[in-house]
Amino acid sequence: MSWMEQLVQTYDENEHFAGRDDVDGMKAMLPPVGHIIQNAQIEITLSEEGELIRAEVIPKEYRSTLIPCTPDSASRTGNPAPHPLHDNLSFIAKDYCVFANSKGADRQYIAYKEQLGAWAMFDTNPKIQAVYRYISRHDVIHDLIGAKILFRDDAGKLIEKWTDKEVPKPPIFSVVAGNVLKSMVRFRVIVDGDDCPELWKDTRLQKDYQAFFQRKFSQTDKQLCYATGQRLAPTDKHGKGIRFPGDGAKIISSNDDINFTFRGKFSNGAECISIGYETSQKAMNALMWLVRSQGYTVDGRVFLAWGRCGQIPPSVFDDTARLTRRRRPAGTARPSSLKGWAESLIKTLMGYRHEFKQAEMSQVNVMILDAATKGRLSICYYSEMAGEDFIERIERWHRLGRWRQHGYDSEKDESFTYFGVPAPKRLVEACYGVNVGDSQMKLELERIFYAILQGSPLPVDMERIVMGRTVKRSVCDGYYDWRRQLLEPACSIIVRRLNQEREEYTVALDETKDDRSYLFGRLIAVADQMERATFSRDELGSRTTNAMRYMEIFSSRPASTWMTLQKKLLPYQQKRELYGGKERQLINRIGSMFKEEDFLSDRPLNGKFLLGFYCQQYAMELAREEKRKNKETLQEEEV
C-alpha cells in the first residue's frame with residue numbers, strides 16, 4: 001500500500017491548498033476531506049431568507065463544483081444516498097415525483113431533507129439555513145419552469161429532451177446529456193456582509209461541514225488502517241471521479257454479494273483489507289488533484305508522475321522545445337543552434353535538480369491508471385525513484401535521441417527548428433500515422449513511457465515500422481510534411497537506439513563513417529539534391545524526385561536500384577554540370593568510401609540509411625546557407 005501512503009503524505013503536504021481555487025498556477029482544486037468535485041448544470045441563487053432570487057444554466061467552462069459528500073453518496077451508483085448540500089433535482093425537489101414516473105421518487109427527497117436538516121440543526125451558518133428553508137417551502141422544478149430553465153409541453157408534462165428542430169434549443173438541453181431531471185444543482189446564497197455567495201467556494205462552510213461530519217462519524221468503532229498503520233474510523237466505500245468528473249471507476253471496491261470477486265476466500269471486504277475513511281479521502285482526493293493537474297490521459301489511460309513536498313517533475317510527454325520553454329524566462333529568445341539547444345536543456349534540468357535538492361524529500365512517484373470496465377480502475381504500473389534519478393533519465397532521453405526537428409509555435413503562428421526529441425505522441429504517429437486509434441496510441445505511449453523511465457532503448461519493432469513507413473515517400477504528398485512528420489521523428493527513434501551504448505551518431509555529417517547503410521543514405525540524398533536543384537520555386541514542395549520515388553525499393557535492393565537511378569539522373573546531371581558538377585563529384589567521393597562487396601551487395605539497408613540521408617541533406621543545406629550569406633556580404637561591401 002505504499003502508493004496510498006505516498007498519496008496521503010502528498011495530501012498532508014498540500015492541505016493548505018485544499019478547497020481553494022485562488023492559487024496561482026494551480027490547474028485544479030484539491031478537494032478537502034469529505035468533498036468531491038462534480039459538474040453542475042443549474043445554479044440557484046437565494047436570499048438569506050431562503051427565497052429564490054434567480055436561476056440560470058451554467059456554461060460548460062464553469063460547471064466544475066466542489067460539493068460536500070458522505071461515504072455513501074461519494075460512491076453511489078444506483079443507491080439513493082443524498083449529498084449533504086448540492087445535488088440532483090431528484091433529491092432537492094419535493095415536486096420531483098410530480099414529473100417523474102419512477103416509484104419511490106419521494107424517498108430521495110425525504111432522505112436529502114433529513115440530512116440537510118440535521119446539518120442545519122448542528123450549524124447556525126445562515127447559508128445552510130437558507131438552503132434548508134428553500135427546499136422545504138418551495139417546489140424547485142416549478143421554480144425552474146417559471147425561470148425558463150425547464151419547460152413543459154402542451155399537456156403539462158416536463159420536456160425531458162428537446163426534439164423541435166425549428167425552434168432554437170434552450171441552454172439546458174445543450175449542457176445536460178440525457179434527461180434534464182438528472183441535472184445537478186448548486187446553490188448561491190447572498191448574505192449581507194459576506195463576500196463569498198458561492199457555497200462551493202466558501203472555505204468556512206467546508207470546515208463547518210467537516211465538523212458536522214466528524215461528530216456524526218465519531219461514533220464508529222476505529223480499526224487498524226492498513227495504509228497508515230493508525231487506528232481510524234474505517235470505510236468500505238471509496239471515492240470515484242478520479243480521472244474526470246463523472247468517472248465511475250474506483251481503485252478499491254468490495255461490493256461482492258455472490259462470491260464472484262472474493263472467490264470464496266472472504267465473506268466480506270473487511271476480512272481482506274481495512275482502510276480508514278480519512279486515509280481513503282486524502283488518497284483519492286490527492287490522486288484526483290494530481291491527475292487533473294499534471295496527468296497525461298489517452299483513451300482513459302492516465303500517465304502520472306508527481307514529486308513530494310510540492311515539487312513538480314519535468315513532463316515525460318513534452319518534446320525538447322516545450323520542456324525548455326516551460327523554464328525559460330519570459331522574453332528570452334529561442335535557441336537557434338545545436339549548441340544553444342543543448343545548453344538550454346542543461347539549464348532547464350539544472351533548475352529541476354536545484355528544486356529537488358532543496359526539498360525535504362527528493363522523490364518522484366510514477367503511476368499508470370486505466371479502467372478495464374466502467375467500475376474498476378486499476379494501477380497498471382507504480383514506481384518510486386529518487387528525484388535525481390528521474391531527472392537523469394529525462395535528460396538521457398532528450399540527449400541520446402537528439403535530432404533536428406521542425407516544430408510549430410501556435411502562440412506566434414510560426415514554424416521553427418529545434419534540436420531535440422519530439423513528443424512521444426509524434427513518435428507514435430510517425431510509426432502508425434496521424435489517424436492512429438486511441439487504443440494503439442495508449443499502448444505505444446506506455447512502451448515509450450517505460451523506455452524513458454527505465455533508461456532502456458526503444459523497442460526494436462518501432463525502428464522497423466517507422467523506417468518502413470518513412471521510405472514510402474507516397475505516404476505524404478508534400479516533401480516538407482514528409483520530412484517533419486516522418487523523417488525527423490524516424491531519425492530520432494533510430495539514433496536513440498544506436499546511442500544507447502555509446503553516443504556516436506549526431507545530426508552533423510560524419511564524412512569518416514564507412515557504414516554501408518549510412519553511405520547509401522548519403523548517395524540518395526545527393527541524387528535527390530541534384531534533381532531538386534533544377535526545380536522551380538513552386539515545384540520544390542510538391543514535385544517528387546526520382547530519388548524519393550525509388551526510396552522504398554532502394555532501401556531493399558540498393559545496388560541494383562542505384563544503377564537504375566543513375567540512368568534517371570543523367571539529364572539532371574547534364575544541367576548541373578553547368579554549375580561545376582558539385583553533386584557528381586560528391587557522389588564519386590562517397591562511392592570511393594565503399595568496400596567493393598558492400599557496394600555490389602543487394603542486402604537490405606538498416607536504420608542508418610535514414611541517418612546518412614538526413615545528415616547529408618543537412619550538410620548541403622548549411623553549405624547553401626553559408627554561400628548565400630557570403631554572397632550578401634560581398635554585395636554589401638560593393639555598395
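Reader: What is the order of the strands in the open sheet of four strands with antiparallel pairing?

Author: The order is β11-β12-β13-β14. Strands and helices here are DSSP runs numbered from the N terminus (strands are E with at least two residues, helices H or I with at least four). This is a predicted model, in which local features need pLDDT of at least 70, side-chain atom pairs count only at pLDDT 80 or more, and totals for chains, interfaces and linings use all residues. Residues are numbered from 1 along each chain as its sequence is written, and side-chain values use heavy atoms, with hydrogens and water left out.

Reader: What makes β11 and β14 edge strands?

Author: Each of β11 (296-298) and β14 (377-386) pairs on one side only. Pairing requires that DSSP finds at least two bridges between two strands. Strands β13 (residues 363-371) and β14 are joined by nine bridges in the antiparallel sense, so they count as paired. Within β14, Y382 is the bridge partner of M367.

Reader: Which helix lies across β11, β12 and β13?

Author: Helix α10 (residues 277-294) does, running at about 100° to β12 (301-307). Such angles, from 0 to 180 degrees, are taken between N-to-C directions of axes fitted to C-alpha atoms, for helices over the stretch in contact.

Reader: Why is α1 called roughly perpendicular to α10?

Author: The axes of α1 (residues 2-13) and α10 cross at roughly 80° and come within 8 Å. That angle makes α1 roughly perpendicular to α10, because the class covers 65 to 115 degrees (under 35 is roughly parallel, over 145 roughly antiparallel, the rest oblique). Among the residues that make the contact are W3, L7 and Y11 of α1 and A283, L287 and L290 of α10.

Reader: Why is Y381 called buried?

Author: Its relative accessible area is 18%. Buried means under 20%, exposed over 50% and partly exposed in between, with a 1.4 Å probe and protein chains only. Y381 therefore counts as buried. The residue lies in strand β14.

Reader: What does Y381 touch, not counting residues up to four places away in sequence?

Author: Y381 touches V366, M367, I368, Y450, L453 and Q454. Contact means heavy atoms within 4.5 Å.

Reader: Is K513 buried or exposed, and how do you know?

Author: K513 has 9% relative accessibility and so counts as buried. It lies in the loop between α17 (479-498) and α18 (516-532).

Reader: What makes the pair of side chains K513 and E504 a polar contact?

Author: The two side chains approach to 3.0 Å. A polar contact is a pair of N or O atoms within 3.5 Å; within protein, one must be able to donate a hydrogen and the other to accept it, and residues adjacent in sequence count only if both atoms are side-chain atoms. The 3.0 Å separation of K513 and E504 therefore falls inside the limit. K513 also touches Y505, Y518, L519 and M593.

Reader: What is known of the burial of S183?

Author: S183 has 0% relative accessibility, so it counts as buried. The residue is placed in the loop between α8 (172-175) and β6. A polar atom of its side chain lies 2.6 Å from the backbone oxygen of V180. Beyond its neighbours within four places in sequence, S183 is in contact with residues including Q41, D87 and I172.

Reader: How do you know that the buried residues of α11 are on the same side?

Author: In α11 (residues 320-327), T320, A321, L323 and T324 are buried. They cover an arc of only 165° around the axis, which puts them on the same side of α11. The arc is that of the directions from the helix axis to the C-beta atoms. These buried residues pack against α12 (338-358), α13 (387-400) and β16 (414-420). At the start of α11, a side-chain oxygen of D319 comes to within 3.2 Å of the backbone nitrogen of A321.

Reader: Why is strand β4 called largely enclosed by the rest of the structure?

Author: Four of the five residues of β4 (residues 64-68) are buried, so the strand is described in that way. Five bridges pair β4 with β1 (residues 35-39) in the antiparallel sense, and I37 stands opposite L66.
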